[in-house]
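Please walk through the charged side chains of this protein and then the surroundings of its ligand. The sequence and the structure come first.

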Amino acid sequence: MIQYQTSLEHIQADQLEGFFVGWPNPPTPVTHLEILRRAAHVVLALEGSSVVGFVTAISDGILCAYIPLLEVLPGHQHQGIGSELMRRMLETLSEMYMVDLLCDPDLQAFYSRVGMQESSGMLVRNFDRQSGNHPTSNHSAVR
Ligand SMILES: CC(C)(COP(=O)(O)OP(=O)(O)OC[C@H]1O[C@@H](n2cnc3c(N)ncnc32)[C@H](O)[C@@H]1OP(=O)(O)O)[C@@H](O)C(=O)NCCC(=O)NCCS
């Protein structure tokens, strides 16, 4: 049975194995936990003590929120978990004026089904910073 929670209490890095599939230089589970802690909002999907999916949002808390990360472990995909994580996050952010995310075109139908609308965007990607574990990173996970 999948359970959903917004608290990170009692969540340890070793419960976060297996994410960032396909990323050439992924964050470690320790850095992943720090990313979750620093997000404005997080929803986790757990099966037993294992985290099998998560979504984060960053926000100014007044008008604007951005959803940078949504992932469900490959063995748990296609069971509605990603949709439920998004549904819960969008409910959390329902008082915001703008809630944005970027995705590949093939995922636009998925996000449309949870109530988002298509747009276009711009971005910068510093791939040498993808793991978050850079010598100048200012977070406790790497100190
Ligand atoms: C996108 C993702 C979170 C969906 O999670 P999920 O738990 O499988 O989602 P749901 O079960 O609620 O919905 C699945 C549906 O989403 C759509 N979908 C999921 N991944 C898709 C993809 N890569 N391309 C096109 N459609 C996709 C399909 O319609 C799918 O339907 P199906 O189960 O009949 O095949 C998951 O595939 C994932 O973690 N992908 C890798 C990370 C990623 O791409 N994150 C989004 C970044 S913008």
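The structure, a predicted model, holds 4 salt bridges. Glu-34 takes part in a network of salt bridges that links this residue with Arg-37 and Arg-38. In the pair formed with Arg-37, the N to O distance is 3.7 Å. In the pair formed with Arg-38, the closest N and O atoms are 2.9 Å apart. Both distances can be read against the cut-off of 4 Å between a side-chain nitrogen of Lys or Arg and a carboxyl oxygen of Asp or Glu.

The spacing along the chain accounts for how these partners are placed. Arg-37 and Glu-34 are separated by about one helical turn because they are 3 residues apart in helix α1, which spans residues 29-38. Glu-34 and Arg-38 also both lie in helix α1, 4 residues apart, again about one turn of the helix. Glu-34 has a relative accessible area of 10% and therefore counts as buried, the limit being under 20%.

The closest N and O atoms of Arg-87 and Glu-84 are 2.9 Å apart. How exposed are the two partners? Arg-87 has 46% relative accessibility, so this residue counts as partly exposed. Glu-84 has a relative accessible area of 19% and is therefore buried.

Glu-71 is buried yet has no salt bridge. Which side chain of opposite charge is nearest to Glu-71, and how far away is it? That side chain belongs to Arg-125, 13 Å away. What the side chain of Glu-71 does reach is the backbone nitrogen of Phe-20, at 2.8 Å. Leaving aside residues up to four places away in sequence, Glu-71 touches Gly-18, Phe-19, Phe-20, Val-21, Val-52, Gly-53, Phe-54 and Leu-85.

The ligand remains to be described. It is surrounded by 17 residues, and the closest are Leu-70, His-78, Gly-80, Gly-82 and Ser-83. An N or O atom in the side chain of His-78 is 2.7 Å from an oxygen atom of the ligand. Gly-82 places a polar backbone atom 2.8 Å from a ligand oxygen atom. For Arg-113, a polar side-chain atom lies 2.8 Å from an oxygen atom of the ligand. The ligand taken alone exposes 880 Å², and the protein buries 64% of that area.

Definitions and conventions: Residues are numbered from 1 along each chain as its sequence is written. This is a predicted model: local features need pLDDT of at least 70, side-chain atom pairs count only at pLDDT 80 or more; totals for chains, interfaces and linings use all residues. Side-chain values use heavy atoms; hydrogens and water are left out. Buried means under 20% relative accessible area, exposed over 50%, partly exposed in between (1.4 Å probe, protein chains only). Lys and Arg count as positive and Asp and Glu as negative; His and the chain ends are not counted. A polar contact is a pair of N or O atoms within 3.5 Å; within protein, one must be able to donate a hydrogen and the other to accept it, and residues adjacent in sequence count only if both atoms are side-chain atoms. Contact means heavy atoms within 4.5 Å. A residue is near a molecule or strand if one of its heavy atoms lies within 4 Å of it. Accessible areas come from the Shrake-Rupley method with a 1.4 Å probe; for residues, only the protein chains shown count as cover. Helices (H or I, at least four residues) and strands (E, at least two) are DSSP runs, numbered from the N terminus.
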